[in-house]
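Let's take a look at a protein together. Have the sequence and the 3D view open, and we'll go through them step by step.

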Amino acid sequence: MAVRRGGEAADLADAGVEALATFAQLLAGGLLTGLVFALVAVGLTLIYGVMDVVNFAHGEFLMLAMYATLGLALLGIGPLVGLPLVALALLLFGIVVYRVFVRRLLAGPPEATVFGTFGLLVLMQGLAQALLTSDYQSAPNPPLQGTLRLGPVALSQATLAEGFGALVLTAALFAFVEYTETGRAMRAVAEDRIAATLMGIDVQRVNGLAFGIGSACVGAAGALLMLSYPVYPTAGVPFALTAFVVVALGGFGSIQGALLGAVLVGLLEVFGGFYLSPELKMVPVYLAYLVVVLLRPQGLLGRR
Amino acid sequence: MTTAKPHLLALGAIVALGLLAALGVRSAVVLDLVFTLLLYAVLGQSWNWISGYAGNISFGHAIFFGCGAYASALCVTHGLSPWLAIPAGALAAAALALVTGFPTLGLRGHYFSIATIAVAALVEAFTRTAPWLGRANGFELPIASGWAALQFPQKGPYVVLALVLFAAAQLATIAMERSRLGYYLRALRANHAAAASVGIDERRVKLVAFAWSAVMAAAAGVLYAQYTLFIDPPSTIALGISIDIALIGVVGGIGTLWGPAAGALVYVVLAKAVALRLGGAGKGYDLVIYGAIICLIAALRPYGIVGTIVDALRRRRGAAIAVTASGAATAVLFAALPAGTARAAGAPIEAALAARASWKLTLAPGCALVPGARSGDFTVECAQR
Amino acid sequence: MSAEPLLAVRGLTKRFGSLRALDGVDFDVAEGSLTGLIGPNGAGKSTAFACIAGAEKPTAGSVRFGGREIAGTPYHRVAELGIARTYQIVQTFADMTVLEATTTGALLRRPRLRDAVAHAEDVLAFVGLADKRYRLGRALTIADKKRLEVARALATEPTLLLLDEVMAGLTPAECAGAVELLRRILASGVTVLMVEHVMEVLMPIAQHVVVIAAGKTIFSGTATDAVRDARVVEAYLGSPLEHGEIAGHAE
């Protein structure tokens, strides 16, 4: 029998340290998960901000990005190297989808964008189910499989890379929107479409670009996620649902809001999963959404 | 407002046709098909009230269906009459509708749509973990027989009940279109500012529509539970079911009286056709077709099949023509479907129906299995109360 | 006619950020009268109108209607109180027929559809749109659209009718028709407050005129007195004038 030193006080101290370690682990996990949600959500909020469209097919774009990353990985191009390629592919895809489809939705009644993007969701999901196997597939030989220890906290390198990549890309997007001329044009269109037209801004071009860039963000997110997640036809659904809640929490149209909302959601999910149960991890997230929409519908940092 | 007469006549024709089928047709597969069709039409119409007439698209409608189904299961397993499940399920559904709608129905459309997703996810999570709701396993309802128990060994009476429900849903919609609620919903969709200026309270009006919509879906849920005798989260409240309901509503025609029926018809026929041609490998192709249809509708004409027909023929009493055309198409399609064909594996409701064939039997107290004339045939006989 | 005005606006102030659109507007509208609310562009007429109609919430001040304070009432409740309005840019129910649109207004006080339709028919006869009752909203001329808006507003059986630049875009013949309708509305006992730019039409019929400039009331009185008032002229023309120059002919 080991001799314990000090009695009760030492027991409490041990328990306290352990609880702190668990807390720190959850905190880190939640933050990193949140950052990845941010990258998924930021594309959604940009599209909404510029053209008032909630892209309900957003999850399918993510699934597409993940499969594209898988395809590249099977050709020997790893997820990190493939990231710019996938982002570019999604950029072009987004622009095409806008030109061919979303542009027409904007001309109709407000519900047209809701069930139009819904139809796109169904179409893409159907194609995925019809053409691809429903097996879970992971990128072969993904990089960064080790674990990093920061004191009591253990983080997988992949998760760190995801979080870090998400942070960098979100910051890059923010800088683009704030400081470049195209970004300013987007903000102008977001604020007042008619005034922007009067100032000579080609709204259709800006819309298309916004849709494309929003899709590119999702593309980057998909590539990053392939570092540690498998892909299957309905893989996009849980991320999409989370993204909607993140955008609503943070405020439709606000990039900083998406970051804030995503981190909050990430923390809620991780803590919820631990203290409630893995099955119920989304419950605090959805409850939070309902509370926010009741008290402050425009979200924490939103203006509309 | 156009006169209701042609719609009432069409409804009467459909009910008459359905009754003939219920009494005359022997094939269980065909009756199954008719039952499924009618149930989907009712669900589609319920969705239509909030997403079509009110214009707020609901992506979580299955939870109201689930309210009815689970109410039925709970009543029966606690020894209560399943008829009680109708008001009980309706109340639960209406309450959920009010909770979802109250904060969101005065705001921009997407807030509501996302809220329906959030509430549906919460309800599903709750159902999957609450022991008194059967968790992930759900409920098997004990077999009984007779109108008191709302269960029948043959499918005929179920089809009759489904017809009653369908007729009720259509009549309610016809009445709604010609009521203050209907006018106010139309005005809100037509011009928001003008509607407010004549005193229309958007949130209140839409809450009423949403609550009734939920009640309708719950009634369908009760009937479904009594038909399949097996309910669990994937077959009643999963996101997939909500998506199916939305599909039917959009494809058929948002905001039109006969849209949901047309959408249900397309959905069921397409599911069968895909299953026939491609069997299990057909998974996804039906979704591709629906998705394409919805995208086309959304981009070109947001009013669906029925809406487009009605719109084009508006001045020539289009409703009557559209309805007759749909009725004729229905008859032709039914005649073209060979009896005894393979079941569709895709649709969740049909999957549950397939599962029914392999359940183990639980008999309600006082009931017994009585072997029939042919080997393998059984009927259930219950002692009179 | 009671001494208490039907509508009493006191100290009405509305700020949009740092912009002061209204800076303490005061005026009364007597029951049964036709009052014109005029002023140069940007004076704040539309903002005052919006505050009374419930579309905007005033930053400060009071709007008393029939003795009750109504400032800040939710927009959709205002019709119930007895105030109906039309819009400067006409807001039609494009896919509803004339009768259906008017019925929508009538449903406020008559929940049963049959009663509402009957009342709507009466209102349409009153405004002169009865023969067009089955036409779709989008198939009407501008003048008829405006007439329909008035019909829709009247169907709510208001005590006070607010008209926002109803004459804009009408030909002289159409204006004459509108004036004739206004007279009949007044005769039926409805009080009218109209914001208007087309002076030739307003001045002859308005019993009372309120002039707003730079967010303040600068005149309240009869139309004839308004045109002679130095402050009014200055507000419109921007510089003080000799008394004799007002009507365009030298004294």
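## What you're looking at

Before anything else, keep in mind that this is a predicted model. Start with chain A, where you'll find eleven helices and two strands. If you walk along chain A from the N terminus, the order of elements is α-α-α-α-β-β-α-α-α-α-α-α-α.

## How chain A is packed

Chain A has a radius of gyration of 21 Å, close to the 19 Å given by the globule rule for 304 residues, so it is as compact as a globular protein of that length. Along the principal axes, its C-alpha atoms fill a box of roughly 80 × 50 × 35 Å.

How much of chain A counts as buried? The figure is 52% of its 304 residues. Now take the contacts in chain A between residues at least 6 apart in sequence: 77% of these join residues that are at least 24 apart.

## Where the two chains meet

On to the contact between the chains: 37 residues of chain A and 34 residues of chain B take part. On the chain A side, helix 3 (79-106), helix 4 (110-131), helix 9 (236-250) and helix 11 (283-295) each bring in at least two residues. Which helix of chain A gives the largest share? That's helix 4 of chain A, with 16 residues.

And what kinds of residues are they? The side of chain A that touches chain B has 28 nonpolar residues, six polar ones and three charged ones.

Definitions and conventions:
Residues numbered from 1 in each chain as written. Chains lettered and ligands numbered in written order. Predicted model: local features only at pLDDT ≥ 70, side-chain atom pairs only at ≥ 80, totals over all residues. Contact = placed C-beta atoms within 7 Å. Helix = DSSP H or I, 4+ residues; strand = E, 2+ residues; numbered from the N terminus. Nonpolar A, V, L, I, M, F, W, Y, C, P; charged D, E, K, R; others polar. Rg over C-alpha atoms; globule rule 2.2 N^0.38 Å. Buried ≥ 20, exposed ≤ 12 C-beta atoms within 10 Å, placed from the backbone.
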